[in-house]
Amino acid sequence: MLENVPAGIAIFDRDMRYLGCSRRFREDFGLGDRDVVGQLHYDVFPEIPEDVRAIHQRILAGATESSELDSLRWADGSIDWVEWKMMPWRDEAGEIGGALLLANRKTDLVASQTREQTYHLAMQLLIDSATDYAIVMVGLDQRITMWSSGAERLFGWTAQEAIGQMIGIIQLPEQQRDDRASQRFASILEMGGFRDRGWRKRKDGSRVMVDLTATPIRDQFGKLLGYCGVLRDITDELVRERVLRESEARLRSIIETVPDAMITMDDFGIVLSFSTAAEVLFGYKAEEVIGQNVSMLMPEPDRSRHDGYLARYRAGGVRQIIGKARRVLGQRKDGSVFAHELHVGEFEIDGRQVFTGFISDLTQREADAAQLREVEAELAQISRGAALATMGSALAHELNQPLTAIANYLQAAGSIDLTQGEGAVALLREALDESSRQALRAGEIIHRLRAFLARSDLEPRVADTADLVKEALALALPGAEAGSVNLQMDISLDCPAIFADRIQIQQVLINLVRNAFEALGGDGRIEIYAEPDPDGVHFTVQDNGPGLHPEVEQHLFEPFSGTRTKGMGLGLAICRTIIEANGGRMWHERVPTGGAAFHFTVPVAEDGDG
């Protein structure tokens, strides 16, 4: 009976020695095929604690004790859960002969129950913590069986209010009247679930757009019990999507219509977008460029170097061209190379840098600029020719003096009697020396006139400021009706040399000085200054004449805006063009005591300038 009874049974004598035990007892408590008859229970299980031994003594004294669930800790630290009952057994004389133990090991059952409880607890915690999701369980009768805290928040009904209600409480009236929807719903559940997006109703009557995922609930035999729905509020998400779509549409419209070519690329140089204007400029279709390295739009050596530029930027983050405009070269699909102006912007998407390039074709602009420079050079030559014409008579007088002197000296030399000895030879030598000096003087006058009149491209050179001003005045004063005009020149002793086209700067000074003479009408004061300035050397030509009318000042440097009866009104426009071409700037100021002052700056010569 002990061997085959399906229960854990052990019989002990009064010394707690085994008289026998069932096979189930040996299996549950790890004895296997071990024969324990005659062995002391405490030798078989030495880990039995004192409080359990005390129970044994009470049993042997006549008590009966039991436990529905008790823990038994083994020597290896493991724990078994046991349901047990222990009582004394008596012999034929009625005396207690020992103890009878009935023990069923419940460890597996307890573990299973614990797992199930843990699972249900975890599921409940998960459902309650998913506050952004409404989790609803519905039976086949369409009644709600579970309503999560997220559902309370989303729809407004508490779990107590919702459970037992028809799922139709969250449906709109038109959805409740649509029988086909319920039929379709049931058939989809049979096929394994579905996903839907639509409007639902809250307790307060307002509407909410939800994303619904429904899955069937089945028992262990596969029988359909109902379904579980997970709903998420996507109302704000739809608004954001609509705003994003509208924003993208506007951006696409801008990209397609902006006159400049626009290209976006990531921080590895891969093209992300290529506008219509870029297609026209480079000759590629967008699909040919998007996904490719932007260096395909560059000629060598930039094409080979570009990835290195980006790598250094990613490593050091040093901005070389971001936010700046610069002239670079591009290469079209047909291989032709052209100049363009590039503006690069930068922004970040999902932690990655994105660059936007706006490209303006400079081909026509540079051709126009070259043509404008050609016209300006022609106008400057005309201006110099006109100035030379007005100075003609006075310059003839200037040349007449050295030529007359040469003739006189040579005539005197011819009359010297060389037989008169050393004195006559000395007189002859002196006459010839003076003739030579006068000839050199005439040659210098001619040289200055030729240099002033000659047309040439911009040729900046290092020039001494004081010498430049003096030479300009030497050309400006002949032919001017000086009258009682007082001319003052003040060149600062610490004024540095300039780096500019010497002839062009002299042309500006000549023009300004002669304008001042005409404004004064032969009576007044002209002051010429040159002094160091943060922008270079600062030149000033100032007079104490009547000054300029306010209306004239507004268009002073515009072509054909002069007030003189002679000339075309190009002088000041040409002057400012010359100064800006040489890297300076030009402006006008009123003199508080009366008159006008014209200012301009010229860059200072630095080490390395030719």
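The dialogue below moves from whole-protein totals to single residues.

Me: What kind of model is this?

Reply: It is a predicted model. Keep that in mind throughout.

Me: How many helices and strands does the protein have?

Reply: There are 19 helices and 22 strands.

Me: What share of the residues is buried?

Reply: Buried residues account for 36% of the 610 in the protein. The protein exposes about 35,400 Å². Carbon and sulfur atoms supply 53% of that area.

Me: Now salt bridges. What is the general idea?

Reply: Side chains of opposite charge can pair when their charged atoms come close.

Me: How many salt bridges turn up in the whole structure?

Reply: A search of the whole structure gives 15. One of them joins the side chains of D211 and R195, at 3.0 Å from N to O. D211 sits in strand β9 (residues 207-218) and R195 in strand β8 (residues 194-201). The two are 16 residues apart, and the pair links distant parts of the chain.

Me: Is D211 buried or exposed?

Reply: Buried, because its relative accessible area is 8%. Read each end of a bridge separately.

Me: Where do D233 and R202 lie, and why does their pairing tie parts together?

Reply: Start with the bridge. The side chains of D233 and R202 meet at 3.6 Å, N to O. D233 is in strand β10 (residues 224-233), while R202 is in the loop between β8 and β9, so the pair ties together parts that are 31 residues apart in sequence. D233 is partly exposed, at 29% relative accessible area. R202 is also partly exposed, at 23%.

Me: Which residue forms a salt bridge with E237?

Reply: R232. The closest N and O atoms are 2.8 Å apart. E237 is partly exposed with a relative accessible area of 22%. R232, at 23% relative accessibility, also counts as partly exposed.

Me: On to helices. What is the basic geometry?

Reply: An α-helix has 3.6 residues a turn, so residues three or four places apart point the same way.

Me: Why is α17 described as largely enclosed by the rest of the structure?

Reply: Because 14 of its 19 residues are buried.

Me: What happens at the ends of α17? Which residue caps the N-terminal end?

Reply: D501 does. A side-chain oxygen of D501 lies 3.2 Å from the backbone nitrogen of I503. Just after α17, G521 takes a positive phi of about 70°.

Me: Let me try single residues. Where is H56, and which residues does it contact?

Reply: H56 lies in helix α3 (residues 50-60). H56 is buried, with 6% relative accessible area. Leave aside neighbours within four places in sequence, and H56 is in contact with M16, H41, Y42 and M86.

Me: What about N408? How far is it from A431 in sequence and in space?

Reply: N408 belongs to helix α14 (residues 392-414). Its relative accessible area is 44%, so N408 is partly exposed. N408 and A431 are 23 residues apart in sequence. Their C-alpha atoms are 8.9 Å apart in space.

Me: Last one. Which side chain makes a polar contact with the side chain of T540?

Reply: That of H599, at 3.0 Å. T540 lies in strand β20 (residues 536-543). T540 is buried, with a relative accessible area of 6%. Not counting residues up to four places away in sequence, T540 touches E527, I528, Y529, F598 and H599.

Notes. Residues numbered from 1 in each chain as written. Predicted model: local features only at pLDDT ≥ 70, side-chain atom pairs only at ≥ 80, totals over all residues. Heavy atoms only, no water. Helix = DSSP H or I, 4+ residues; strand = E, 2+ residues; numbered from the N terminus. Buried < 20%, exposed > 50% of the residue type's maximum accessible area, 1.4 Å probe, protein only. Contact = heavy atoms within 4.5 Å. Areas by Shrake-Rupley, 256 points an atom, 1.4 Å probe, with all protein chains shown as cover. Salt bridge = Lys/Arg side-chain N within 4 Å of Asp/Glu carboxyl O. Polar contact = N/O pair within 3.5 Å; in protein donor to acceptor, adjacent residues only side chain to side chain.
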